[in-house]
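Have your viewer open and your selection tool ready.

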Amino acid sequence: MKTIYKLGIFFLVIAFTACQNDMDNINNPNEELAESNEIVIIDGVIKSPQWLIQVHDSISKLRIPYPDTKIEPYYLPIYSFKYNNEEYILIWDWYNSSILDGDFYFTLSGEQIDKGSDLFLTLMHDDKKERTCLWWSGMDVSGKGVITKAWTPTSVYTPNGSLVNDTHIRTEELTQIDIAEYLADVAARFPQATILSPPTTTYNCHAYAWHMTQGGSAVWMGKTTNPTSIYRTDGSYIGTTSNNTSKVSYQSDNHSAVKTGSDMFISKWGSGALVRHHKNQSPYNASQLSYYRRFNPPPYYIGNTYDNDSGSSTVSANGSGFIGTSLNAYTAPTTQTQPTSYVWSANFGSIRGYLYPNGSLVNINMYLDSGSGGSVRLECAMYRGSTLLSTGFYYLQVTP
């Protein structure tokens, strides 16, 4: 079957480098080619214009998580739309949670609209933009209806009460053809993955992993950025090992997931489905993963840093049997009442030691008189005026 989309008058095509580091396969990028202003598709294959073939192929290969894998590139959908009576082409990486990174805009002559330019930002944020799908991975989309998108800013907060920026309520933009094409792609490229919920544009991976699994509603978290670092910087979650985790951040990609078993994750794949998958079986680069768990410290406690809520640590003596260390008394961010004074004490047991309190900080000097170590129990009574708020405890395991 042959499909021709007439997009205007004849023009000169400039073969344009869409992704400077990933499009080395384009030959003679500055060569001007005279072509008809038509997109020609025969039996599901794009035949012209040449610039669109080259650019689309290069952008699609960016979604291969590992270059040496056998996973085939996913050929991304192509749309046309008008803005200010000018027609543009959109190639949409709909696996990407960042619209800024996932949208690629071109003029009809093949010139890419620079990301970050005023025109690019206008096209990306234009909520009234209507787009029509011209091609999607060999599927016949002729006669497909128009899609209208809308984004409404909304407020979402971390467990510790910090605002998560760049969060929106997003309308559903997928048609039944979109959904069918997506499901076919997942089945072909990731046959071991299990789809838990159908594709939708109403929420993304960050929203699912950090917000919705904690009881939050469906939102799109991060239209132009990855805002999830606030969950760690405000102390709601702390770094941990892969064996003691609930949240996973793909540091080598723009993606978040929750862990459900040994190397098994659940994550929302961009505008696609909610999927259970092996950590390496997804469209995302899993070469650098960071693991996090919910941090629930007592309101008042002692530790080396805010992240240390274990209540204990191990210290070792030097060659002369001397150990010097320090600890802080802390108040959790959610605690409104702050101490005004601190009273430190310690039970050194068989270890000879001394405390040097300085407000919420205590310096500790200890000496081992024999080859054996022991345990030191520290206490800090925290007062607001004459009122005792709480007493924190900490154990130092001392080794020779």
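Start by selecting Ile 266 and Arg 276: Ile 266 stands opposite Arg 276, which sits in strand 19. Keep in mind that this is a predicted model, where local features need pLDDT of at least 70, side-chain atom pairs count only at pLDDT 80 or more, and totals for chains, interfaces and linings use all residues. Residues are numbered from 1 along each chain as its sequence is written, and side-chain values use heavy atoms, with hydrogens and water left out.

Now widen the selection to residues 264-268, which form strand 18, and residues 274-278, which form strand 19. Strands here are DSSP runs (E, at least two residues), and helices are runs of H or I with at least four residues, both numbered from the N terminus. Strands 18 and 19 pair in the antiparallel sense over five bridges; two strands count as paired if DSSP finds at least two bridges between them. Follow the hairpin that links them: five residues lie between the strands, and Gly 270 takes a positive phi near 60°.

The hairpin of strands 17 and 18 has two residues between the strands, and here Asp 263 takes a positive phi near 60°.

How many of the five residues of strand 18 are buried? Four of them are, so the strand is mostly covered. Buried means under 20% relative accessible area, exposed over 50%, and partly exposed in between (1.4 Å probe, protein chains only).

Time for the charged side chains. Side chains of opposite charge can pair when their charged atoms come close. The structure holds five salt bridges, each a side-chain nitrogen of Lys or Arg within 4 Å of a carboxyl oxygen of Asp or Glu.

- Select Asp 57 and Lys 61, whose side chains meet at 3.2 Å, N to O. Asp 57 is buried at 18% relative accessible area, whereas Lys 61 is partly exposed at 42%.
- Select helix 4 (residues 176-189), which holds both Asp 185 and Arg 189, four residues apart, about one turn of the helix. Their closest N and O atoms are 3.5 Å apart. Asp 185 is buried at 8%, and Arg 189 is buried at 8%.
- Select Glu 379 and Arg 377, which meet in a salt bridge of 2.2 Å, N to O. Glu 379 is partly exposed at 25%, and Arg 377 is partly exposed at 26%.
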